[in-house]
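These are my notebook entries on a structure I wanted to understand step by step. I wrote down what I looked up, in the order in which I looked.

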Amino acid sequence: MNLIKDTWTMAKRSLRHIMRSPDTIITVVISPIAILLLFVYVLGGALQQQTGGVKYIDFITPGIIIFTIVSGVAYTAFRLSSDVQKGIINRFRTMPVAPSSILGGQALSSALSNLFSCLLVLAAAFGMGFRANAGLVEWIVFAALVALFTLALTWMAIFFGLLAKSAEGAASFSYILMILIFISPSFVPTESMTSVLRTFAQNQPLTPIIETMRSLLTNGVVGDKAWIAVAWCVGILVVFYLASLRIYRTKTISA
Amino acid sequence: MDTAITVTDLKKTYKTHDVLKGVNLTVQKGEIFALLGSNGAGKTTIINILTTLTTADSGTALVNGTDVAKEPAKIRASISLTGQFAAVDDVLTGRENLELIADLRHVNDSAQTANELLKKFDLTDAADRPAQTYSGGMRRRLDIAMSLIGNPPVIFLDEPTTGLDPQARKDMWQTIKALANGGTTIFLTTQYLDEADELADTIAVLHQGTISISGTAQELKKLVPNGMVELTFDSEKQLHAAADILKRDYAVTLADDLKLSIAIGVGMAELAELFVQLRNAHIEPAGFSQKVPTLDDVFFKIINNKKEDQ
């Protein structure tokens, strides 16, 4: 019981942080929306030829959701790393509170705020003409996949937030994820890439996740990559969850 | 008296640097224990080991009878740490900071606990302002208030007054004394000798990885040569007359400007005896000043002795 209570106490704390600096949510959603505008209105006309008859805004929206989550978890890492630098994490570490509660609270609030950012970006996409061809069940499966992916990346962010020597450095892992988004079928079909890049793009972890999301929203079916997508998410989640708990207990954090 | 902390042959190496080379110390229940050392001496490392933040390479440390390495979870329930930099949440208000810790410590009424502590630490007016608007002294007070929640029997304060202005420093000393009077055991580290002198029941000097010396402030001061008294005279004649009389019993040095330095203890009886001798000889000094040995003298003596050993 204490585990849940403490997790909620910690989540309330970081939700207060988020509520009191709403500019972070704006910063998180502004770049995906800017990319959306750029790709749809500037490049979209040309890229439309490649998407096999799918409207470009419909093609790009799932990838933009992934982009939003990546840009959101960068803040999670930043915030956690500032806590580490200021010695607040050390205070919690010397208290009789389970690590899974201290970090879980951060994960919960981060997941909630990132899902909220996704809603904002999705609303912007709707404003720009995005229409899904999905029923209620597909939307629920889509939301569940987004939530699972957010949670997995949040724990990755927590790991790097604990590991980094500075708050600024903590967010740098997200640049690698950004590159992975560009070398994936998020913005353009992989068929248009050179062969080396294409092989990479077709086999990297983000690809089945993006393709499953797109399949759910544009075709209204789960698609054949769903289990691979879920397996990647669960794998990332478990590995970084365990690694984060370990580093929380063993790392000498010099504040 | 019961012991609160017992440290035996504690060793810790960071990469190739031996920070602790076999530290032994004992802290009695309810006392203020000051660990004195210069920057980088390893004070924080000892605190980190005792508060379960890091583990020692070898040796044992018992806090309230529990081994910190074996049952860290049990230790965490009976201690609290106030680190070197006030670890308060800047975004939250003072009240929210206190309630956060109270919730995590599962006290019955966290709102009431927060109110009491705000009052006790003179933070009621600032209670609902974000902590980032607080002055250095206020942040420290909030920090300590957060450490008191749940009444842990042992409190660790890592350099509690570093960076505070003189008034805030004095206030902090009052707070620490009041805590100790309430029966809490306090383990503090400091670079300031006057702070250890003012607060501590027991002082231990950490130097080059071991405790070079420990004891009460009085005991430590006895380790340095006696104090000095300096007398000033109106004339050469008086100066030499005084020197002739006093050199029978004391080590006397003639200084410039009609001054006489006499090595003498700090006790009142010894001083009285000195003046009686002068008076019997009808010599009246024009001026008098006394230099009492300080912990600084002890500290520098230890450091210098160690250097000579090498």
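I began with strand β14 of chain B, residues 287-291, in what is a predicted model. Is this strand buried or in the open? I looked up its five residues and found that the number buried is zero, so β14(B) lies largely in the open. A residue has to have 20 or more other C-beta atoms within 10 Å of its own to count as buried, and none of the five residues of β14(B) counts as buried.

I then asked which strand is joined to β14(B) by five bridges. It is β11 of chain B, residues 227-232, and the two strands run antiparallel. I noted two facing residues: B:E230 has B:S289 in β14(B) as its bridge partner, while B:T232 stands opposite B:G287 of β14(B). As a reminder to myself, strands of a sheet pair through backbone hydrogen bonds, either parallel or antiparallel.

I counted up the secondary structure of chain B, which comes to 11 helices and 14 strands. Its radius of gyration is 25 Å, well over the 19 Å that the globule rule gives for 310 residues, so chain B is more spread out than a compact globule. The C-alpha atoms of chain B fill a box of roughly 75 × 50 × 35 Å along the principal axes. Of the 310 residues, 40% count as buried. Among the contacts in chain B with a separation of 6 or more, 68% are between residues 24 or more positions apart.

I looked up B:E31, which sits in the loop between β2 (17-28) and β3 (32-36) of chain B, and is partly exposed, with 18 other C-beta atoms within 10 Å. Leaving out residues up to four places away in sequence, B:E31 touches B:T185, B:D201 and B:T202. The C-alpha atoms of B:E31 and B:T202 are separated by 7.7 Å, although the residues are 171 residues apart along the chain.

Next I turned to backbone angles, remembering that most residues other than glycine have a negative phi. B:T52, in the loop between α1 (43-50) and β4 (58-63) of chain B, has a positive phi of about 70 degrees, and is buried, with 22 other C-beta atoms within 10 Å. B:N151, in the loop between α5 (136-148) and β7 (154-158) of chain B, has a positive phi near 45 degrees, and counts as partly exposed, with 13 C-beta neighbours inside 10 Å.

I found 19 residues of chain A in contact with 22 residues of chain B. Which helix supplies the largest share of the chain A side? It is α1(A), with seven residues.

Definitions and conventions:
Residues numbered from 1 in each chain as written. Chains lettered and ligands numbered in written order. Predicted model: local features only at pLDDT ≥ 70, side-chain atom pairs only at ≥ 80, totals over all residues. Helix = DSSP H or I, 4+ residues; strand = E, 2+ residues; numbered from the N terminus. Rg over C-alpha atoms; globule rule 2.2 N^0.38 Å. Buried ≥ 20, exposed ≤ 12 C-beta atoms within 10 Å, placed from the backbone. Contact = placed C-beta atoms within 7 Å. Pairing = 2+ DSSP bridges.
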